[in-house]
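Dear colleague,

I am passing on the structure below, together with some notes on what was found in it. Please read the notes with the coordinates open beside them.

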Amino acid sequence: MATAFRRIPLPPSTLSVQPPGGKTLVNFDTNFFTHEQTLDRTVRLLGQRVDLRIRVDSYTWRFGDGDSLRTDEPGAPYPRLSITHSYLRTGRYAPAVDTTWVADYRVGGQGWKPVPGSVTIPGGSVALRAIEARPTLVGYGS
């Protein structure tokens, strides 16, 4: 069953970054998230119909600066900042999220059983530039 599970094409997670637009500030909590997915697939093995219930086990967030974080949640858009990272230096980064999938199977409508092992699908990176904020004095009219 594990071999059949590894042969199923599984999608990478799509990484979203906030603030949007490919820029963030140094020493600022940058928010990362993706959308949780579950998949149902049916395959034939030795003439038997096998149902697979596939779900995400974990996400590995690679922030592009050497830091990473493993979680079991997909993060969330603002204002619920659950997966954040602060870049300490200006520069260009390529963050990504890898998704580790696990599955349960059943044969002929019987009870569900876990498929041994997991499959990790690397996610594509997004371009992100960390910049410094420059203070600007603003005059007020009298």
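A polar contact here is a pair of N or O atoms within 3.5 Å, where, within protein, one of the two must be able to donate a hydrogen and the other to accept it. Please keep in mind throughout that this is a predicted model.

The side chains of T99 and S13 are joined by a polar contact of 2.5 Å. T99 has a relative accessible area of 0%, and because buried means under 20%, T99 counts as buried. Once its neighbours within four places in sequence are left aside, T99 is in contact with S13 and also with V56, S58, Y59, V119, T120 and I121.

The next point concerns the largest nonpolar core, which has 28 residues, and in which F5, L10, F32, I54, W61 and W101 touch the most other members. At least two residues of this core come from each of α1 (2–7), β5 (48–62), β9, β11 (119–121) and β12 (128–131), and the element that gives the most is β5, with six residues.

Turning to the aromatic rings, the structure holds three aromatic pairs. One of them is formed by Y87 and Y93, whose ring centres lie 4.4 Å apart with 35 degrees between the planes, an arrangement classed as tilted. Both partners are buried, Y87 at 0% relative accessibility and Y93 with a relative accessible area of 14%. A ring is involved in another way at W112, where R53 lies over the face of the ring, at 4.0 Å from its centre.

The C-alpha atoms of G108 and P9 are separated by 23 Å, the two residues being 99 residues apart along the chain.

With best regards

Note on methods: Residues are numbered from 1 along each chain as its sequence is written. This is a predicted model: local features need pLDDT of at least 70, side-chain atom pairs count only at pLDDT 80 or more; totals for chains, interfaces and linings use all residues. Side-chain values use heavy atoms; hydrogens and water are left out. Rings of Phe, Tyr and Trp (its six-membered ring) pair if their centres lie within 6.5 Å; planes under 30 degrees apart count as stacked, over 60 as edge-to-face and the rest as tilted. Buried means under 20% relative accessible area, exposed over 50%, partly exposed in between (1.4 Å probe, protein chains only). A charge sits over a ring if NZ of Lys or CZ of Arg is within 6 Å of the ring centre and within 35 degrees of the ring normal. Contact means heavy atoms within 4.5 Å. A nonpolar core is a set of buried Ala, Val, Leu, Ile, Met, Phe, Trp, Tyr and Cys residues joined through side-chain atoms within 4.5 Å. Helices (H or I, at least four residues) and strands (E, at least two) are DSSP runs, numbered from the N terminus.
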